[in-house]
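Please look over the sequence and the structure below before reading on.

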Amino acid sequence: MKITAAVLDACGAVRPFAESLPLRLAELDLAPPGPGELLVRIEAAGLCHSDLSVVNGDRNRPVPMALGHEACATVVETGPGARLAVGDRVVLAFLPACGHCRHCVSGTPWLCVEAAGANGRGELIGGGRRLSEAGHPVHHHLGVSAFAGHAVIDQRSAIRIDADIPPHIAALFGCAVLTGVGAVFNSAAVRPGESVAVWGLGGVGLAALIGAIAAGAEPVIAIDPVAEKRALALELGARVAVHPDEAEAAIAADSPGGCDVAIESVGSGRVLAEAYRLTARGGRVVTVGLPNPADPFTIPAVSLVAEAKTIIGSYMGSAIPARDIPRYIALWRAGRLPVERLLSGTRPLAEINIALDDLAAGKAIRQILLPA
């Protein structure tokens with residue numbers, strides 16, 4: 001079938017993206033779903049910093065590539081052996097799991113080697129690509145390619161949800177919520193009464209903040225250079241929200257000796273080192289940001305022993321999507337995870353380059369793109 005999708009032809013575009021136009025809307029051919037695959041109609045797709053990092057070259061991916069990895073969709077056709085049914089509403093997860101590698105069988109499927117390899121090659125986990133343009137293959141983005149009207153995905157990339165959840169809310173559970181809340185619940189295992197500081201208040205960082213509040217953390221300290229994001233953090237329950245220049249003083253005042261848990265969602269080695277420095281002895285430092293691969297992280301090596309701190313890399317919030325997405329949706333229904341507050345607005349897919357500018361400038365948290 002023919003679909004319209006946002007395609008990236010080269011990494012490394014420069015701002016303003018509204019002028020450099022790194023993404024173009026193209027008519028692509030989409031092959032039908034194969035065994036264990038699904039054809040889905042995209043209802044809403046979130047624009048994430050991980051998309052931006054591919055566009056600006058921080059995370060190089062094979063091109064041409066149809067971008068987009070956070071979405072809500074409805075199944076419209078199933079391949080042989082698919083376990084989902086036509087009409088099912090699903091959240092798309094950007095890291096499927098093969099189910100049989102050593103990481104999957106040991107309970108850490110977010111480290112699945114097979115899935116990581118397929119994502120790196122721009123293929124589905126079942127192998128190959130289902131997208132093409134004028135007979136030439138187009139790569140998939142993290143097995144999803146959600147900036148489009150339709151997509152073919154492996155069923156392991158889909159989590160069925162109740163049909164009454166608005167698509168623009170449901171989409172957020174596929175990345176922002178899964179990663180941010182997962183960093184709190186799974187990676188850091190925050191306990192009630194522990195102090196938590198969050199560096200970076202984008203979609204993932206604010207999701208971590210509301211996750212920390214849901215976990216009973218106290219105090220929660222929010223750190224970001226953008227005043228509007230700090231104001232939102234206070235509305236969501238942070239005790240204080242400060243500019244990065246004021247982080248040390250704020251943590252000293254509200255969590256003497258350092259925070260128990262630091263969550264770094266900026267994607268910067270320098271910020272991660274600062275978060276580490278301001279973490280208490282015996283504390284835990286969780287990083288969920290994706291920096292440029294050349295960005296170093298430097299700390300005094302002796303402090304790892306002398307201060308007994310723990311540094312935790314959290315990919316996809318150390319989450320198991322089939323387990324965690326329903327749990328987080330239940331917390332949202334109960335009013336404990338106000339995910340809807342992460343939304344900056346919706347806009348048509350045709351405005352994707354403008355949306356990228358707003359994201360890069362810190363003017364938006366999560367923008368939802370709607371296919372025509």
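Predicted model: local features only at pLDDT ≥ 70, side-chain atom pairs only at ≥ 80, totals over all residues.

Residues are numbered from 1 along each chain as its sequence is written, and side-chain values use heavy atoms, with hydrogens and water left out.

Helices (H or I, at least four residues) and strands (E, at least two) are DSSP runs, numbered from the N terminus. A residue is called buried under 20% relative accessible area, exposed over 50%, and partly exposed in between (1.4 Å probe, protein chains only).

Begin with helix α7. Eleven of its twelve residues are buried, so α7 is largely enclosed by the rest of the structure. Among the buried ones are Gly-203, Val-204, Leu-206, Leu-209 and Ile-210. Contact here means heavy atoms within 4.5 Å. The buried residues of α7 pack against α6 (176–188), β11 (196–199), β12, α8, β14 (259–264) and β18 (366–370). The expected span of a helix is 1.5 Å times one less than its number of residues. For α7 this gives 16 Å, and the C-alpha atoms at its ends are 16 Å apart, which agrees. After α7 comes Gly-216, with a positive phi near 90°.

Helix α8 covers residues 227–236, and its buried residues are Lys-229, Arg-230, Leu-232, Ala-233 and Leu-236. Seen down the axis of α8, these fall within an arc of 160°, so they line one face of the helix; the arc is that of the directions from the helix axis to the C-beta atoms. An α-helix has 3.6 residues a turn, so residues three or four places apart point the same way. Glu-228 and Glu-235 are exposed, on the face of α8 turned away from its buried side. The cover over the buried residues of α8 includes α7 (203–214), β12 (220–223) and β13 (240–242). Gly-237 follows α8 and has a positive phi, near 120°.

Now turn to the strands. Two strands pair if DSSP finds at least two bridges between them. Strand β1 (residues 2–8) runs antiparallel to strand β2 (residues 23–30), and seven bridges pair them. One of the partners in β2 is Ala-26, which bridges to Ala-5. β2 is also joined by two bridges to strand β7 (residues 131–133), again in the antiparallel sense. There, Asp-29 has Ser-132 in β7 as its bridge partner.

A salt bridge is a side-chain nitrogen of Lys or Arg within 4 Å of a carboxyl oxygen of Asp or Glu. How many salt bridges does a search of the whole structure find? The search gives 23. One of them joins the side chains of Glu-43 and Arg-89 (2.8 Å, N to O). This pair links distant parts of the chain, with Glu-43 in strand β3 (residues 37–47) and Arg-89 in strand β6 (residues 89–92), 46 residues apart. Glu-43 is buried at 18% relative accessible area, and Arg-89 is buried at 14%.

Another salt bridge joins Arg-333 and Asp-164 (2.7 Å, N to O). Arg-333 lies in helix α12 (residues 321–333) and Asp-164 in the loop between β10 (158–161) and α5 (167–170), so the pair ties together parts that are 169 residues apart in sequence. Arg-333 is partly exposed at 42% relative accessibility, and Asp-164 is exposed at 53% relative accessible area.
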